[in-house]
Amino acid sequence: MHTPYDPYVRVRGAREHNLKGVDVDIPRDVLAVFTGVSGSGKSSLAFGTVYAEAQRRYFESVAPYARRLIHQVGAPKVGEITGLPPAVSLQQRRSSPTSRSSVGTVTNLSNSLRMLFSRAGSHPPGAKRLDSDAFSPNTAAGACPRCHGLGEVHDTTEELLVPDPSLSIREGAIAAWPGAWQGKNLRDILDTLGHDVDRPWRELPAEQRHWILFTDEQPVVTVHPVRDADRIQRPYQGTYTSARRYVLKTFAETKSATLRAKAERFLTSTPCPACGGSRLRPEALAVTYDGRTIAELAALPLTGLAELPDGGDETARVLTADLKSRIAPVVELGLGYLSLDRAAPTLSPGELQRLRLATQLRSGLFGVVYVLDEPSAGLHPADTEALLTVLERLKAAGNSVFVVEHHLDVVRGADWVVDVGPGAGEHGGRVLYSGPPAELASVAESATAAYLFDESPGPAREVREPRGWLTVGPVTRHNLRAVTARFPLGAFTAVTGVSGSGKSTLVGELTGELPGVGRLVRVDQKPIGRTPRSNLATYTGLFDVVRKVFAGTEEARARGYGVGRFSFNVPGGRCETCQGEGFVSVELLFLPSTYAPCPDCAGARYNPGTLEVSYRGRTIAEVLDLTVEAAAEFFADTPAAARSLRTLLDVGLGYLRLGQPATELSGGEAQRIKLASELQRGRRGHTLYLLDEPTTGLHPADVEVLTDRLHGLVDAGHTVVVVEHDMTVVAGADWVIDLGPGGGDRGGRVVAEGPPDRVSRAEGSATAPYLARVLP
């Protein structure tokens, strides 16, 4: 019997993704944590079901024209949900922010600072008061006219455009020119204009070289191409473009990431001479507050900005108070080392999510459900306590906080736990327990219970003797000041420190050029592909093997189907209606374009002919639908496929489908797929593996599996360096480099280095006390 006010969110019959008709009740106004191994279905329950349903109801209540402005999630597969308040999602976005967005724009702190300058700044005598828009580099009113508000200007030099001056133009001296026909065309135009294309570049007169590379003229000439024996070419009108003009135009206008990256190799970027890199017009930079320009204040760390004096009048007092109250939650979440002008693409996913979280704290919403995706990702144990305080405060303001989380301290701090499992993918999708954390101990099949209550430290690892040392530094970059660090070769090194202490910057200095490195592999969390066309099978090369298997069947041979027939990226075997995508974009008048399964292949990606070929009773489309685990059994006797699948299982990805689009994978999954592709190569020769927080998004049970793989690499003679916050991983390392003691200006030094037990006793290290807890 439901009372009029039912304090529970009640989910009935949830079947999203791998959920098996889940029924669960979660109280409102609490901090509830969703746990379970990676791929068990906890995100499908929290985001795919609860949040998606709240979104859908919200869209139904808004006018149709407003619906198209907000990205639709689609209706979740669920029987019913009662007692559900409106929801706000803070996910670790998979998309990367643009170079124009910064810490200031993500947190809206820039708005407050601009208001302060517009209303309370000291304008030069006689100048009219500027509107707050005039202080933004992202508006026409404020952007520096020379660099369009980007703060740097691009140019090029002869050394970059012509790396080898001993070559002639015909031999390709001008490396920046486009390849193929377009490059030949430019060469023929120069020939027609009377330049010697066969003399070494360095012997050409200086003014000719300068004209060829840098002219802004675009002469049109009639070119009589040299007749090739195999084809007769007619004379044509050719327009000349200088190398500089071509490179700048490509860089500014191309949509292709490859072409853009190629053009970037030939460019230098220097701070804009007009605004000195501050991105603003001179009028805006003439206004000061407390004797400093807005650009100078935006470059301060937030902790420094919080010390601004209140100024004289009431307006200044109100506006500085507003600014400071917005800075406080950001500093509290351990991000006080960031400055407002720090570009968003240089932040880690964890930093970005915590910035959004801090912004929410100020929004003062009441009675909503916040759904968070691993807020502790990228957080040092010392910062996790601050995070719990912030979540408590959201709850105290009258909201429900639902968190998908692996960090045991966050789970212990929760009021309610929903444990999903027991395994991943097919083996998960059930709610094993929903209730207060303490009673989870009695649930035998829960993988979480085993780690939550067993506080005993792991077995002690024998510390390996290094075969040699890599010395990096002195490094001065971001907040590192002339730091020198030593990394042991043939050992497992963990780099630790609070957020912003300079860990990623230091590890970024390890390059393949250093003596003793050999081959360097950086396994990061960047997506493995930007489009649904790239997936698990294509990225790891497994799909090539699978296509060979299909092309080798009797039916395929009889029909004359080659390997290409089984690709969904080229015409031939794919469904042409959707061009092998499996879905079509439906353009509705005045509504957002939505994706629907392709009407012809119903999502299978292939045409009927291709799907008539089967291998052991499955078509290629059905094979793409298998999970890694199921595929490992299916291809057990195809050695090339089995090896690839084995390594994916080894890094805990057995639950992913072979055809899962790259766009649906989390950062942690993308990183483990890259690691698996590396592991399957079976390396000869020494390799240095660099991993930035490889345990992000992993359940403690999966962390064990992953660390075993990494130690396996070291035992095989390689070197592994990880940036890590998970103390159980650090405890198993051979060498620890601890940076700090704080973040930003208060960090950037090596506080302690040595084997884990030595670091755990280091004075003044924020890491030591947490490391000591997990050491035997």
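## Exposure of two paired residues

A residue is called buried when its relative accessible area is under 20%, exposed when that area is over 50%, and partly exposed in between, as judged with a 1.4 Å probe on protein chains only. By this rule tyrosine 8 is partly exposed, because its relative accessible area is 26%, whereas tryptophan 416 is buried, because its value is 13%.

This is a predicted model, in which local features need pLDDT of at least 70 and side-chain atom pairs count only at pLDDT 80 or more, while totals for chains, interfaces and linings use all residues. Residues are numbered from 1 along each chain as its sequence is written, and side-chain values use heavy atoms, with hydrogens and water left out.

## Aromatic rings and charges

Rings of Phe, Tyr and Trp (its six-membered ring) are said to pair if their centres lie within 6.5 Å, and the pair is stacked if the planes are under 30 degrees apart, edge-to-face if over 60, and tilted for the rest. The structure holds 15 aromatic pairs. One of them joins tyrosine 8 and tryptophan 416 in an edge-to-face arrangement, with 6.3 Å from centre to centre and 70 degrees between the planes. Tyrosine 8 belongs to strand 1 (residues 8-14) and tryptophan 416 to strand 12 (residues 416-421), so this pair ties together parts that are 408 residues apart in sequence. Strands are DSSP runs of E with at least two residues, and helices are runs of H or I with at least four residues, both numbered from the N terminus.

Elsewhere, Phe550, Tyr561, Phe566, Tyr615, Phe634 and Phe635 form one aromatic cluster. Tyrosine 561 also has arginine 565 over its face, at 4.0 Å from the ring centre. A charge sits over a ring if NZ of Lys or CZ of Arg is within 6 Å of the ring centre and within 35 degrees of the ring normal. The charged end of arginine 486 likewise sits over the ring of tryptophan 469, 4.1 Å from its centre.

## Valine 475

Valine 475 lies in strand 14 (residues 468-477), and it counts as buried because its relative accessibility is 6%. Leaving aside neighbours within four places in sequence, valine 475 is in contact (heavy atoms within 4.5 Å) with Leu480, Arg481, Ala482, Val483 and Glu509. Valine 475 and alanine 558 are 83 residues apart in sequence, and their C-alpha atoms are 63 Å apart in space.
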